[in-house]
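Hello,

Here is the structure I promised to pass on to you. Have a look at it first, and then read on for what turned up.

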Amino acid sequence: MRILLAEDDSVLADGLTRSLRQSGYATDCVMNGMEADSALSTQDFDLLILDLGLPKMSGLEVLRRLRARNSHLPVLILTAADSLEQRVKGLDLGADDYMAKPFELSELEARVRALTRRGAGGGPTVIKHGPLSYDQVGRIAYINEQMLDLSARELGLLEVLLQRTGRLVSKEQLVDHLCEWGEEVSNNAIEVYVHRLRKKIEIGGVRIATVRGLGYCLEKISEPHPIPATALPPLDSSSRR
């Protein structure tokens, strides 16, 4: 999932960015409202973490412009001004959640998980695909109930593929979802991530198909068809009790 953090406190911004990236989120950071508005106008994100006290353009104005473009992007507001008036203004303009500084990092990360899940349509927290299951909140994957040892980048790749099961995902789309601005990621690097993930999930019969020159697709798993009763052989009378 890709997050835009709009925060002008460089120390806080650096700490949040590091924490979110360690949790597997591709995180881009801007330091003023003009940069935030420009990024939101030209890029796709899964969540906006927005400080209200931004220079050049207030966080409330960034939010107002975002909603004026009919964007439904989930927005988590951060601000030192924990007044009722500020909360009401932010929520009235379309914010989804609100946290006052200072805050506990663990609570912010829990709210991020909740908002990104809501932004994805509020679906189930666990995605199942044959023997594979992926916990979107805990960011843990299992094959036949055995936990997989996946890196943050591999988890992000798996999440993107699971959300588009049966559909083609291009390398460019994977870069957009997995990587931050300015991060140099080649097509060869994406191929390496896919190769590593493929080795770990194909042991359970989950296959990633490669469409040469186009991208990747998580193959659908056919459900077994029940055998009609009329097709079953008659029981031997000697086996009846």
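A residue is called buried when its relative accessible area is under 20%, exposed when it is over 50%, and partly exposed in between. Please keep in mind that this is a predicted model.

Let's start with Ser133, which sits in strand E7. Its relative accessibility is 13%, so Ser133 counts as buried. What is Ser133 in contact with, leaving aside its neighbours within four places in sequence? The residues are Val126, Ile127 and Lys128, together with Ile140, Ala141 and Tyr142.

Now for the sheet around that serine. It is an open sheet of 4 strands with antiparallel pairing, in the order E6-E7-E8-E9. Strands E6 (126–129) and E9 (146–147) stand at the edges with a single partner strand each, so one side of each has no neighbour in the sheet. Helix H6, residues 152–163, packs on this sheet and touches E6, E7 and strand E8 (140–143). The direction of H6 makes about 110° with that of E7. E6 and E7 (residues 132–135) run antiparallel and are joined by 4 bridges; in this pairing, Val126 stands opposite Asp135 of E7.

One more spot to look at is on the surface. Leu168, Val211 and Leu214 form a nonpolar patch there, and together they have about 240 Å² of accessible area. Val211 belongs to strand E10, residues 208–211.

Notes: Residues are numbered from 1 along each chain as its sequence is written. This is a predicted model: local features need pLDDT of at least 70, side-chain atom pairs count only at pLDDT 80 or more; totals for chains, interfaces and linings use all residues. Side-chain values use heavy atoms; hydrogens and water are left out. Patches are made of residues with over 30% relative accessible area and no salt bridge: like charges are joined within 9 Å, nonpolar side chains (Val, Leu, Ile, Met, Phe, Trp, Tyr) within 5 Å. Accessible areas come from the Shrake-Rupley method with a 1.4 Å probe; for residues, only the protein chains shown count as cover. A salt bridge is a side-chain nitrogen of Lys or Arg within 4 Å of a carboxyl oxygen of Asp or Glu. Helices (H or I, at least four residues) and strands (E, at least two) are DSSP runs, numbered from the N terminus. Two strands pair if DSSP finds at least two bridges between them. Contact means heavy atoms within 4.5 Å. Axes are lines fitted to C-alpha atoms, for helices over the stretch in contact, and angles run from 0 to 180 degrees between N-to-C directions. Buried means under 20% relative accessible area, exposed over 50%, partly exposed in between (1.4 Å probe, protein chains only).
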